[in-house]
Number of protein chains: 2
Amino acid sequence: MCRGMRGVETTKTIFVVGTKNSGKTAVAEYIVRRLSEMGFRVGALKHIHHEFTIDSEGKDTYRMRKAGAGLVVSFSPSEIALLRPPGDPKEEFNELSRKMADDGFDFLVVEGFRVMSQDLPSAFRILTCKTKAELDSLIPASTKTYDCISGIVSTLIEGYRYRRVPVIRFPEQAEDLVRRITGQLR
Amino acid sequence: MCRGMRGVETTKTIFVVGTKNSGKTAVAEYIVRRLSEMGFRVGALKHIHHEFTIDSEGKDTYRMRKAGAGLVVSFSPSEIALLRPPGDPKEEFNELSRKMADDGFDFLVVEGFRVMSQDLPSAFRILTCKTKAELDSLIPASTKTYDCISGIVSTLIEGYRYRRVPVIRFPEQAEDLVRRITGQLR
């Protein structure tokens, strides 16, 4: 599943979606860490529903934004950061994917963006929930569903599947998440 | 100086460079605000010499970076932020300039990056200092020098020029900075 093995210049997208406080970040962070350790080039995207800036009030960059800058960049020896108002989410996502493929990224791990994930059949989709009731509300009856269930609810389920979706207990079986993503486990 | 008037798709770069605590941010912020108010599309870049992240320890995005992500993106209704280790500064700067021109930006206001500014003869360069001694150490004897002097030292100088460089007192004559940048004052 490294670039040479895949043979095509695409970035595989992994979505970790689900309810609040269901373990999305822990699962996404684990996947980013393990894939990075395996030598893959990995990007991470966090989708946030509410108004948000990664910047902090009072910083010079924050002042520039408030002064009207439509793009704010900070450039240091350790980081380049570009901040701007987003365009159409779908277009932004497609452009990001293209850019990441050009830059040789193997994986993009996305936390959230459930609606977007439904439009990307090639993506790997992990659902996390706190309860079975939440799972029932989020697993569609239709054919295309999730690639697996993990997060907090995964420890509450007996058996390997729930409504036909494979359950991977987190963190006990976390390595199986990575094996599925990299195609070593089906 | 709006796009139509300029007739070419380029982004004019304005550098505000100088010594520490000499008023760089105040001058840069003023220029960003005034140009934005005039209807121009403005970007701002802050150059930082030391290790730095615009992110905050403990945030989920910060965790992703620490986990090994080579690119971290946060995506909210108010902001898309892309954070990654920088490449070669000159190449990064050129790519940013191209992208901003494509995106219809009229101006990029840069705080710092003095060395970079010396390689861009088409840029407008503002020097800020705290003292005349600092000015003497930074104004070169060669022909190409700064477009003007401003910031704290500007209030300590009598007359309109210092070593042949126009002095624009800040904040008293701040509007003249903008007039010079937009070509209304020579």
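**View 1. B:Phe113 is buried, with a relative accessible area of 7%.** Buried here means under 20% relative accessible area, with exposed over 50% and partly exposed in between (1.4 Å probe, protein chains only). B:Phe93 counts as buried too, at 2% relative accessibility. Before we look further, please note that this is a predicted model, in which local features need pLDDT of at least 70 and side-chain atom pairs count only at pLDDT 80 or more, while totals for chains, interfaces and linings use all residues. Residues are numbered from 1 along each chain as its sequence is written, chains are lettered from A and ligands numbered from 1 in the order in which they are written, and side-chain values use heavy atoms, leaving out hydrogens and water.

View 2. Rings of Phe, Tyr and Trp (its six-membered ring) pair if their centres lie within 6.5 Å; planes under 30 degrees apart count as stacked, over 60 as edge-to-face and the rest as tilted. One of the pairs joins A:Phe40 and A:Phe107, with ring centres 5.1 Å apart and planes at 90°, so it is edge-to-face. This pair links distant parts of the chain, 67 residues apart: A:Phe40 is in the loop between helix H2 (24-37) and strand S2 (42-47) of chain A, and A:Phe107 is in strand S5 (residues 107-111) of chain A. Helices (H or I, at least four residues) and strands (E, at least two) are DSSP runs, numbered from the N terminus. A:Phe40 counts as buried at 13% relative accessibility, and A:Phe107 counts as buried at 0%.

**View 3. B:Phe93 and B:Phe113 form an edge-to-face pair, 6.0 Å centre to centre with 80° between the planes.** B:Phe93 lies in helix H4 (residues 89-102) of chain B and B:Phe113 in the loop between strand S5 (107-111) and helix H5 (114-118) of chain B, so the pair ties together parts that are 20 residues apart in sequence.

**View 4. Ring pairs link A:Phe15, A:Phe93, A:Phe113 and B:Phe75 into a cluster.**

**View 5. The charged end of B:Arg41 sits over the ring of B:Phe105, 4.1 Å from its centre.** For this, NZ of Lys or CZ of Arg must be within 6 Å of the ring centre and within 35 degrees of the ring normal. Likewise, the charged end of B:Arg125 sits over the ring of B:Tyr146, 4.3 Å from its centre.
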